[in-house]
Amino acid sequence: MATDGARPGSPGMRPGELLSDLRTERDAALAGRERVRDLVEAVASVGRDLHPEIVLQRVVTAATELAGARYGVLHVAGENRRPVEHIPAGSGEEEITRFGHCPRGSDPVGRVLRDPRPLRLARVPGRPPADAFLGVPVRVGDELFGALCLVGKRGDADFDEDDEDLIVALAAAAGAAIGNARLYEMARNLGVRLQAGSDMTTRLLSGEGPGDVLAQLTRRMREIADSDTALVFFPVHGGTTLRALISEGVGGLAGGEVGVDSSLAGLALRTGDAVVVDDLVGDGYETIRNVPIGPAAAVPLISAGSTHGVLVLGKWSGRVPFAPCTLRMIRSCAAQAAAALELAKARLDAERLHTLEDRDRIARDLHDVVIQRLFAVAMTLMSTVRLVDHPEAQGRVRHAVDELDETIRQIRATVFALQGPRALGESGLRARVAELVDDTYGDLGFRPVLRLDGQLDYGVPDDVAEQVLAVLHEALSNVARHAGAGHVWVSLEQSGEQVTLVVEDDGVGLPPGGRRSGLRNLERRAGDLGGSFEVGPRRGGGTRVVWRVPVS
């Protein structure tokens, strides 16, 4: 019989015992070699892809299989080493989720993140006895990235030192793979950023509007940042509210508003600097339609010392936060977007200045050359009337003089329309009246004769202009419904400190005892503005409406 502590192969061992011990050592050696081969395969699988989220998923899957765990979670550390996201693997999604949300207190996950060393427990406090625990920190360089945690070894055994050594080795390889994935993302983002800047410059130089260019850039930003939504907010309502004028990724968010004091975009606008959070909704920030956004980044669009808007990128709750390289790319692209807006604004100002200069030149030519010549012709014709004996010829000459006077009046009205500071794209009262009169063609069957005179675009306040349009619309509607007219004449004139609207028709006139509710409405509108309203028969038949209000 072998003595206690005899070594295999010692003279005191029986042949059967020696053979059994040799088999045991052989099996252990084979098992060790098998686990080393599994580790090599796991390391190879982790580094096979360069997409960060795929790498993370492969890390936790490989660790679960390598240690024979029932399930595992890779916790990604956020601010203050608090787990903000988790990537699960293994069986029992409900168990994984429950275990993955134990971020604080005396839980083992918090212990691994606070004191980044391997932690092996026979059981997890507060959980079933079979739930052994193995947690290993994952570092990328000198940075603590997170904790790789395994729970419940198959066969209800405990995790041993070999399991710990394997997972520590895998965590080291995972840190290198994550670092490589980040470098790849940085290189890819740099290329995409340069391409985005080139596309943006090309689009601006080709004449596209700043809104279209910014929308294209926002779409590209969402793609390269791998975010679920991208919004560009602009201040409205005196700067107390931010409105999403551009939305990519999630429908129905464009036009939504958030408060400056209650939103992440508002914080970025107030501070003038980028703001990043790991859980937008969890931190209490306002979102449009209560969209459940987790990781989010808000970057102000600042150029030449002025803030144009705020770019906000967001991911759904439960996703990995934005990597530092992605945040640097977002900042750079936001600066490019702000510069693009500044360039577009300068280009529009230059175009507007050029247009105003052309208008001023045309107005001077009309006033100094055309009107003077027409006036001289009219004076010559008036002096010729005394030399004409035939009454019909005198009538024709006087009619020609009247036509010249009307032409001069219309040219002066055009001069007024060409002058003034109205911005490009805005419709003045003159254009809106002409459009309204043209729109009545379908109701009347003919186009009314329109005469416009005076500084209608710049000499009539906006509130009075709105009333003029409302009165004209109602007057023309009355003619179309009741007058049975074949001709309508509309005259709008701004002269001195008042504006006068005259609408005449050659219809049946006002019937005695007819309804006057529409006319009373016109009279009320004039009275509210301190003006006057007259309605009566037109010379030659029909109705004449005169609506006159002060503009000072």
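Helix α10 (residues 429-439) passes α12 in a right-handed crossing, meaning that the near helix is turned clockwise from the far one by less than a right angle. The two helices, like the strands below, are DSSP runs numbered from the N terminus (helices H or I, at least four residues; strands E, at least two). The model is predicted: local features need pLDDT of at least 70, side-chain atom pairs count only at pLDDT 80 or more, and totals for chains, interfaces and linings use all residues. Residues are numbered from 1 along each chain as its sequence is written, and side-chain values use heavy atoms, without hydrogens and water.

The axes of α10 and α12 are 11 Å apart and meet at an angle of about 15°. Axes are lines fitted to C-alpha atoms, for helices over the stretch in contact, with angles from 0 to 180 degrees between N-to-C directions. The pair is therefore roughly parallel, a label for angles under 35 degrees.

In α10, Leu429, Arg430, Val433, Leu436 and Val437 are buried (under 20% relative accessible area, 1.4 Å probe, protein chains only). These residues lie on the same side of α10, because they cover an arc of only 130° around the axis. The arc is taken from the directions from the helix axis to the C-beta atoms. An α-helix has 3.6 residues a turn, so residues three or four places apart point the same way.

Helix α12 (residues 462-483) links β12 to β13 in a left-handed β-α-β crossover. With the strands pointing away from the viewer, a clockwise path from the first strand over the helix to the second would be right-handed. Strands β12 (residues 449-453) and β13 (residues 488-495) pair in the parallel sense over five bridges; pairing requires at least two DSSP bridges. Leu450 stands opposite Val490 in β13.

Both strands belong to an open sheet of five, ordered β12-β13-β14-β16-β15, with mixed pairing. β12 and β15 (532-537) are at the edges with a single partner strand each, so one side of each has no neighbour in the sheet. The twist averages 10° from one strand to the next. β14 (residues 498-505) and β16 (residues 543-550) pair in the antiparallel sense over eight bridges. Here Asp505 stands opposite Thr543 in β16.

Two non-glycine residues have positive phi. For Asp226 phi is near 55°, in the loop between α6 (210-224) and β6 (229-236). Asp226 is partly exposed at 31% relative accessibility (between 20% and 50%). Arg289 has a phi of about 55°, in the loop between β9 (275-277) and β10 (293-303). Arg289 is exposed at 55% relative accessibility (over 50%).

Note on methods:
Parallel < 35°, antiparallel > 145°, perpendicular 65-115°, else oblique.
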